[in-house]
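This report covers pockets and salt bridges in one protein model. The sequence and structure come first.

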Amino acid sequence: MEIPVYTLDAFTNLPFKGNPAAICPLQHELSEELYQKISSEMNLSETAFIIKLNPSDTFTTGSRFRLRWFTPTTEVNLCGHATLATARVLFQYENNINRKLVFETRSGELCVTRDGDNCIMDFPLNPASPADPQEFRGVIKAAIGNLPVQEVYLSAKTNKLLIRLADSCEKSELHNLKVDPIALQRSESTGKVKGVIVTMKGSPHEQPGYDFYSRYFAPWSGIPEDPVTGSAHTVLGSYWAEKLGKQRLLAYQCSSRGGEMELEVRDDGRINITGTTVTVMRGKITL
């Protein structure tokens, strides 16, 4: 059996930047074990599998597909960059004729609309609530050391802890942060936290005018650091829209690879996440 595979860097237009994802269009479902083995072999933060819902459809004509995402160790409920990369594979390489695609996922139906070289993803918004820093002091210490904290929020639905650095911090302090993934994972074992967002206010008056910066760490899911994370921005978008009093935001995730996305926080409890991709590999998995 041969399975097509594409590797795309998402939320960037430069190779080796953004967040890489492997995309596998499938003619039929695989065993659960095989999904995980392929994802472990690809060894990227996520591998996405596209499955046709209607046997009479093709990847060129179909507008609805099932979409699943796997890290090297587990299946996940939501992944932004691999969804973006999946849509780009269908539009760019399968020449899909539809302007809008719908993916059935663990997080419900996700719509992606083509907009030139960009794609606009319609995702659920995941607001976070204020959290007691003392309850999570071990996680905070493991994540940011002695850097000053402005406030801490928790998204209980996504198990993401948001740590906002004090406004006195410099962007370089976030960019240069060294996080030990083993220590971070050991700092929290209750299951309340499965990902840590570290964020700070941006530089809206400096070009290109980022409203906020962030980094994201998820060793609990086998991801020491995710370079550019769409799902984390379903939490970040809600938080910063409220803090800054604006619904359209430009975000930059300042990992070593780095990447940016445009956000639009909507009044219906959803968020539009816009980005592009660049392809770095096309091939086949032979089994």
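## Second largest pocket

Strand 16 (259-265) gives the largest share of the lining of the second largest pocket, 3 residues. A pocket here is an open set of points on a 1 Å grid over the protein atoms alone, where a 1.4 Å probe fits, with protein on both sides within 12 Å along at least five of seven lines; lining residues have an atom within 4 Å of a point. Strands are DSSP runs of E, at least two residues long, and helices are runs of H or I of at least four, numbered from the N terminus.

The volume is about 210 Å³, taken as the space filled by probe spheres set on the points, which are joined across faces, edges and corners. Arg248 and Glu264 are among the lining residues.

## Basis

The model is predicted: local features need pLDDT of at least 70, side-chain atom pairs count only at pLDDT 80 or more, and totals for chains, interfaces and linings use all residues. Residues are numbered from 1 along each chain as its sequence is written, and side-chain values use heavy atoms, without hydrogens and water.

## Salt bridges

Arg248 and Glu264 also form a salt bridge (a side-chain nitrogen of Lys or Arg within 4 Å of a carboxyl oxygen of Asp or Glu), with the closest N and O atoms 3.5 Å apart. Arg248 lies in strand 15 and Glu264 in strand 16, so the pair ties together parts 16 residues apart in sequence. Arg248 is exposed (over 50% relative accessible area; buried is under 20%, partly exposed in between; 1.4 Å probe, protein chains only), at 59%. Glu264 is partly exposed, at 26%.
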